[in-house]
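I opened the notebook to record a few look-ups in this structure. Entries follow in the order I made them.

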Amino acid sequence: MNGQMHAALQADISLLGKMLDEAIKQGEGETVFKHLETIRRLSSLNHNGDGAAQEELITTLEKLNDEDFVPIVRGFTQFLNLVNTAEQYHSISPNTSGATDPVAFSELYETLKMKGVDDKDIISGLENLSINLVLTAHPTEINRQSLNVNLAQVDACLGALDHRDLPEYRKRPIYERLRQLISQYWYTDEIRKVRPSVNEEARWGLQLVGNSLWKAVPDYLRRLDLQVKDKLNISLPVDARPIFFSSWMGGDRDGNPNVTAKTTREVMNENRLVAAKMYAEDIDLLVWELSMWKCSDRFRKYIGDDEVQEPYRELMRRVRTRLGHTITYLEALDRGERADPHPSVIMRTTQLWEPLYECYLSLVECGMEIIANDKLLDTMRRTRCFGITLTQMDIRQESIVHTEALAEITQFIGLGDYSEWDEEKRLKFLIEELNSNRPLLPRNWTPSEKTKELFDTIEVITETNEGVIPCYIISMTSAASDVLAVHLLLKEFECPYFQPVTPLFETLNDLNNSERIMNELFEIEWYKKNINGKQMVMIGYSDSAKDAGSLAAGWAQYRSQERLLKVSDAHNVALTLFHGRGGTVGRGGGPAKFALFSQPPGSLKGGLRVTEQGEMMRFKLGMPELAVRTLSLYTDAILEANLTPPPIPKPEWRDMMDSMSDHSCEVYQGVVYKDDRFTPYFYQATPVQELGKLPLSSRPAKRRPTGGVETLRAIPWIFGWTQNRLLLPAWLGAGTALQKAIDDGHLEVLRTMKKEWPFFNTRISILEMVFAKTNLTIARKYDEQLVEPSLRGLGEELRAMLEKDINTILSLDEAKSLREALPIDLAENLSMRTVHTDPLNLLQIELLSRARKNGEEHGPLERALMITISGIAAGMRNTG
């Protein structure tokens, strides 16, 4: 962070903080404000090394009345959200970020040329560029949408003020608007009262498209095109589709009983309706703008009218009419009415693209390229990116559901229990049925409710145009039969096209077996013939890390990708790897460029498909300029990784990773799965049980309602440890394995790996960031007040292990402190938040202690506790 940016950021944070203080004083009175000021002052003193301040702070919190907590925790939480908003703005501000344009292809071009990359290869890289960002509704976004909209308007005000020559009389109304927004923010409840429905979650995704991506995509492609022209003297093709979006909202039914065939159909319909309305606005504008009379003979023939004086306007009016019929039809479906669509209803993207493209060709032919490349081209690029559905929709279901459905069928027709067959018998049955012309499903059979729901979902797929559902993802894929089972069910329901099915390898064991499974599939004649030389495989980050720890999981993911690339090449299959990454380290999170460069060489040649989850969607894509920057970062990283791939790891590096992976996994599993103290300690030392009361998502916290840590989803697992500042899933086992390698005399090998191998460098950089976010003192306080004495020894052991791990990283980095090891801007950002995050942790401890002692729901305490969870998440900048 440069000095100018730091000063401007601090000035805006101070401005927003003062306005928040004004709102608190007005809304809560001087007494509450003085409590807040006292806590803030003591936290600052403690942060600056005053040891006595923390004890005084804890004593102050213990004396608070129950009803005092809510406004205090709200004050800290809202300030942290305002800090994040200011930081987001200044990361893209042209005056303070140091960047003249968030699109940086020109700089990338110079970098590639310095590395000896030929222009031909750069052009080829651009032509093959494919970025598919998959939006998900994973329960990591705590803020209500109304508050996010408010914060977006705060961002707009900061942008309006960010002009050095702005006269005072123009600043005053902006300051007043900021005060109004912050007052609105203060008087709005942060916490939802009820869980969102699947349809509501899907609407949030639509809001992201409408409020940000709709503008960002054509803006980004326009800027990229200009820079490509400057450097390569070519233009991006008008039908280029380097970026597009998919969604799991409404389609991800893995462990979520609220996602049904009915909701999937409703969400898909609403997506089309919103898309039609947004395109209608674009076309309205084009009706006004395309008033030219001159057109090509081809265009006259296309519109079929030799007399019309304004041919482009006439065609756009026709498109507008078609969109009107489309909206009427979709609104009727939305009301639950079933009717045949009007003949002019737009059912496929080509029906919208074609008239736009014909306008474009004619304008260019008639010398009006400058007009063609304005609003018309923006709409064309939206059409290519978003289609008529705004996003594609993945369907995801757990493998066991298909197994149980087939078991019902085989038992009914007298073949035995499919679920009890071994893999060889399953494959024989599936291949025979896939090659058979006779139906498998019996006519006089009533399936169970669960299987009927699965069949209803498959019927939705068969009714949907090809490509709208790009893949059917199978969670917990552990065998080739899991993939063929879905294909058989699709065949039985007479899907009119070949629906791609994507295996998801997410546990450590399944990652290690992924090559064998895919090889078995590729060797099956029916399968190889039907996939048409293309295969998508999803790599899961969450469950493997929960299974084995971050270091072992990271290495297993790397090796799995290498092997999948090898087996695909051997069978002449083009492989696309789909990365199921989250926002946190334990779920594969990290800066985009580092994450992509840490993949095996060649892993991005099939394009990038990656999930954008929860609050990370807002942080990276929530505002147009942020989205433009994010799309640019992805583009540059993919081009650079493909054109100048990272090195193939040396044999001694592999041996080192094998050894460290095994050791770290042993340490991790020894604590998490083999120490009897661990599960009760986890539930007492973190607010994970209280997290279940937060109405974050339509999705349950557990795959199964019973069981311990092993049944808990990865998100609440990581969320809980983030709250108590131990962040255990992100480091447990990794530091111990590194220290063993150092003790065995391999320090210089590790330093060479860090210097020369992006994969290993990224692992170390992420550990540094994680350790900087931990707080041993805070974690100890959770234990002292919340954990029964017989379990506190485990907490002491874990903190001692963490302290040793931090020292290990510092010795590897040859650094004296974590602040020295971290990039300056990250160190400053973490320090800036600590003063406000630490007291929220202490407030949460006190609230948990009181709430658990009460043994029953307690209004003000429970609400305050929920707000601390939100505030700590804002301070840590990632949750699940």
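Which residues does T403 touch, not counting residues up to four places away in sequence? I found Y418, S419, R426 and D482. I note here that the model is a predicted one.

**Entry: around T403**

I placed T403 first. It lies in helix α15, which covers residues 399–412. Is T403 buried or exposed? T403 has a relative accessible area of 8%. The cut-off for buried is under 20%, so I logged T403 as buried.

I then took a C-alpha to C-alpha distance from T403 to E420. The two are 9.6 Å apart in space and 17 residues apart in sequence.

Two of the contacts of T403 are Y418 and R426, and I looked at that pair separately. The charged end of R426 sits over the ring of Y418, 4.8 Å from the ring centre. I noted another case with an arginine: R241 lies over the face of F244, at 3.9 Å from the ring centre.

How many aromatic pairs does a search of the whole structure find? The search returns 30. One of them is F682 with Y683, a tilted pair. Their centres are 5.2 Å apart, with 55° between the planes.

I checked the cover on both rings. F682 is at 0% relative accessibility and counts as buried. Y683 has a relative accessible area of 16% and is buried too.

Helix α27 spans residues 678–685. I found this helix mostly covered, with six of its eight residues buried. Those residues are F678, Y681, F682, Y683, Q684 and A685.

**Entry: two helix pairs**

I took α5 and α6 next. Helix α5 runs over residues 105–114 and helix α6 over residues 119–127. Their axes come within 11 Å and cross at roughly 135°. I therefore recorded α5 and α6 as oblique to each other. Their crossing is right-handed. From α5, the residues that meet α6 are F105, Y109, L112 and K113. From α6, D119, I122 and L126 take part.

Then I turned to α4 (residues 69–92) and α38 (residues 859–876). How are α4 and α38 set to each other, roughly parallel or oblique? Their axes come within 9 Å and cross at roughly 20°. Angles under 35 degrees count as roughly parallel, and α4 and α38 are therefore roughly parallel to each other. α4 passes α38 in a left-handed crossing. On the α4 side, the contact is made by F69, V70, V73, R74, T77, L80, N81 and N84. On the α38 side I listed P860, L861, R863, A864, I867, T868, S870, G871, A874 and G875.

**Entry: positive phi**

I looked up two backbone angles in loops. What is phi of L390? It is near 70°, a positive value in a residue other than glycine. L390 is found in the loop between α14 (369–386) and β3 (392–393). At 0% relative accessibility, I logged L390 as buried.

R725 was my other case. Its phi is near 70°, again positive in a residue other than glycine. R725 is found in the loop between α29 (714–723) and α30 (728–731). I checked its cover as well: R725 is buried, with a relative accessible area of 4%.

Terms used:
Residues are numbered from 1 along each chain as its sequence is written. This is a predicted model: local features need pLDDT of at least 70, side-chain atom pairs count only at pLDDT 80 or more; totals for chains, interfaces and linings use all residues. Side-chain values use heavy atoms; hydrogens and water are left out. Helices (H or I, at least four residues) and strands (E, at least two) are DSSP runs, numbered from the N terminus. Buried means under 20% relative accessible area, exposed over 50%, partly exposed in between (1.4 Å probe, protein chains only). Contact means heavy atoms within 4.5 Å. Rings of Phe, Tyr and Trp (its six-membered ring) pair if their centres lie within 6.5 Å; planes under 30 degrees apart count as stacked, over 60 as edge-to-face and the rest as tilted. A charge sits over a ring if NZ of Lys or CZ of Arg is within 6 Å of the ring centre and within 35 degrees of the ring normal. Axes are lines fitted to C-alpha atoms, for helices over the stretch in contact, and angles run from 0 to 180 degrees between N-to-C directions. Angles under 35 degrees count as roughly parallel, over 145 as roughly antiparallel, 65 to 115 as roughly perpendicular and the rest as oblique. A crossing is left-handed if the near helix is turned anticlockwise from the far one by less than a right angle, and right-handed if clockwise.
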